[in-house]
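Please keep the sequence and the 3D view at hand while reading.

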Amino acid sequence: MSSTPNSKQANNLPGFDPKMGQLEVIEPGIAMFHGFANVAFAYGRGEMIVVDTSSRQMGAAAVRAIREVSEEPFAFLIYTHGHGDHAFGTEAFITDAITRGHARPKIWAHEDVAGRFKRYALTRGWQSHINRLQFGGAFASDGLFDPKSFSFPDLVYRDQQFLDLVGEPVELHHAMGETDDATWVWMPTRRLAMVGDLIVSSMPNTGNPNKVQRYTLEWAETLEAIAKCAPQYILPGHGPAYRGEELCKEVLSETARALRLIHDEVVRRLNAGEWPVDIVEANISIPADLAAKPYLQPIYGCAPFVVRDVIRRYAGWWTGEPSQMFPASRKERGADILALCGRDAILAKTRALKDAADLKRALALAEIALNANPSDYEAIRLNAEILEAMAGGERSFIARNFFAGAARQLRERAKSQI
Ligand SMILES: [Zn+2]
């Protein structure tokens with residue numbers, strides 16, 4: 001695996017950042033390294049705090065970049081959460097401190113980060129598999145979730161923690177949002193909020209298809225709490241830095257509003273006795289004024305994923321369809337439909353739907369034919385073609401990569417049959 005994403009992979013990343021790999025000095029003493037995940041720096045008083053350490057591939061680049069503008073020792077490394085693109089670049093920062101003869105920086109994080117690392121070790125195979133698909137091969141490697149990769153925090157806190165950066169107050173606040181172990185960092189003197197993935201400069205990524213539960217309502221509440229501090233600067237986990245009180249307030253409150261609207265609509269429907277499957281099919285979305293905001297584009301997560309997150313949080317896994325409680329196998333169901341309609345008729349209808357660009361229905365039928373006979377060459381190819389078309393038109397990076405990954409697997413299967 002390459003040490004950094006190659007340019008094709010990087011261009012494929014959500015909201016591709018033209019400043020990727022560069023340090024941006026926001027103002028003297030405040031800087032942000034644009035990685036796939038950003039690294040935030042506050043310095044100028046003789047010591048520096050570092051918020052997130054980026055990924056294993058980008059940590060050293062972040063260190064090199066900040067060393068161009070400041071030689072101050074790293075006092076604290078603070079993880080905004082334990083995701084690999086934020087907390088796995090630590091080694092480079094520790095090495096820098098050792099090389100310069102500085103004291104080893106203290107790593108601070110919420111107390112649940114350690115549990116996350118342990119879960120990653122427990123489910124290492126699954127994490128590697130799913131991230132390889134989700135990121136289209138750009139970031140995952142088998143070594144990524146190796147327990148040796150984790151730099152566990154030295155110091156943890158539960159609700160709030162107050163630190164001192166050479167006399168300047170630094171506040172750590174626990175939050176639930178994309179993760180349950182989130183921290184947002186507030187420096188009141190500078191009115192600087194370093195928020196990790198509580199702001200991702202796109203539709204918040206709750207309901208990620210194959211990851212653990214996320215927290216739509218708490219995410220909105222946290223953004224509202226940050227807005228109350230009236231930040232002058234927001235350094236987010238992904239995407240550009242936000243400057244100016246008005247813009248910061250807008251990004252925080254409008255993102256919170258989008259999450260609340262979806263959350264509340266799902267809860268309203270659940271309370272009215274609708275089943276999860278009905279709620280999914282209702283295609284809940286955000287109003288046009290919010291959908292037009294540059295920081296709410298569905299380029300990574302998307303509204304249908306948020307809907308799923310809220311359903312899963314409150315209503316478990318059953319869709320509400322009796323046939324899905326103890327489902328017949330897909331092979332049996334596919335074979336029954338094929339026996340009734342005939343394979344050729346199903347494939348012909350699938351092709352017609354595909355040609356009419358009705359891709360969701362085309363895929364549903366194509367899957368029936370494939371499930372009935374997983375080695376049906378034509379059904380395999382037709383499925384792959386539909387998935388490729390879906391990937392081509394899909395804005396969500398996650399969905400796009402899953403469609404493309406599934407298509408790739410089918411193409412391999414088809415090849416093995418020739
Ligand atoms: Zn992230």
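The model shown here is predicted. The domain assignment of the protein gives two parts: domain 1 covers residues 7-255, and domain 2 covers residues 328-417. Between the C-alpha centres of domain 1 and domain 2 the distance is 39 Å. Where the two domains touch, domain 1 contributes 12 residues and domain 2 contributes 6 residues.

How much area do domain 1 and domain 2 bury between them? The value is about 860 Å², and 67% of it lies on carbon and sulfur atoms. On the side of domain 1 that touches domain 2, the residues divide into 6 nonpolar and 6 polar, with no charged residues. The count of salt bridges between domain 1 and domain 2 is 0. For polar contacts between the two domains, the count is 1 residue pair, with both residues at pLDDT 80 or more.

The metal site comes next. Which residues are the protein donors of the zinc ion? They are Asp85 (OD), His86 (NE2), Asp197 (OD) and His238 (NE2), at 2.1 to 2.5 Å from the zinc ion. Along the sequence these donor residues follow the spacing D-H-x110-D-x40-H. The arrangement around the zinc ion is irregular because its 4 donor atoms subtend angles of 86 to 168°. For four tetrahedral donors at a metal, the ideal angle is 109.5 degrees.

Technical notes. Residues are numbered from 1 along each chain as its sequence is written. This is a predicted model: local features need pLDDT of at least 70, side-chain atom pairs count only at pLDDT 80 or more; totals for chains, interfaces and linings use all residues. Side-chain values use heavy atoms; hydrogens and water are left out. Domain bounds come from an automatic or database domain assignment. Contact means heavy atoms within 4.5 Å. Buried area is the accessible area (1.4 Å probe) that two parts lose on being put together, summed over both. A salt bridge is a side-chain nitrogen of Lys or Arg within 4 Å of a carboxyl oxygen of Asp or Glu. A polar contact is a pair of N or O atoms within 3.5 Å; within protein, one must be able to donate a hydrogen and the other to accept it, and residues adjacent in sequence count only if both atoms are side-chain atoms. Ala, Val, Leu, Ile, Met, Phe, Trp, Tyr, Cys and Pro count as nonpolar, Asp, Glu, Lys and Arg as charged, and the others, Gly among them, as polar. Donors are N, O and S atoms within 2.8 Å of the metal (3.2 Å for Na, K and Ca); water is not among the atoms, so sites may look incomplete. Four donors count as tetrahedral if all angles lie between 85 and 135 degrees; four count as square planar and six as octahedral if opposite donors are over 155 degrees apart and all others between 65 and 115; anything else is irregular.
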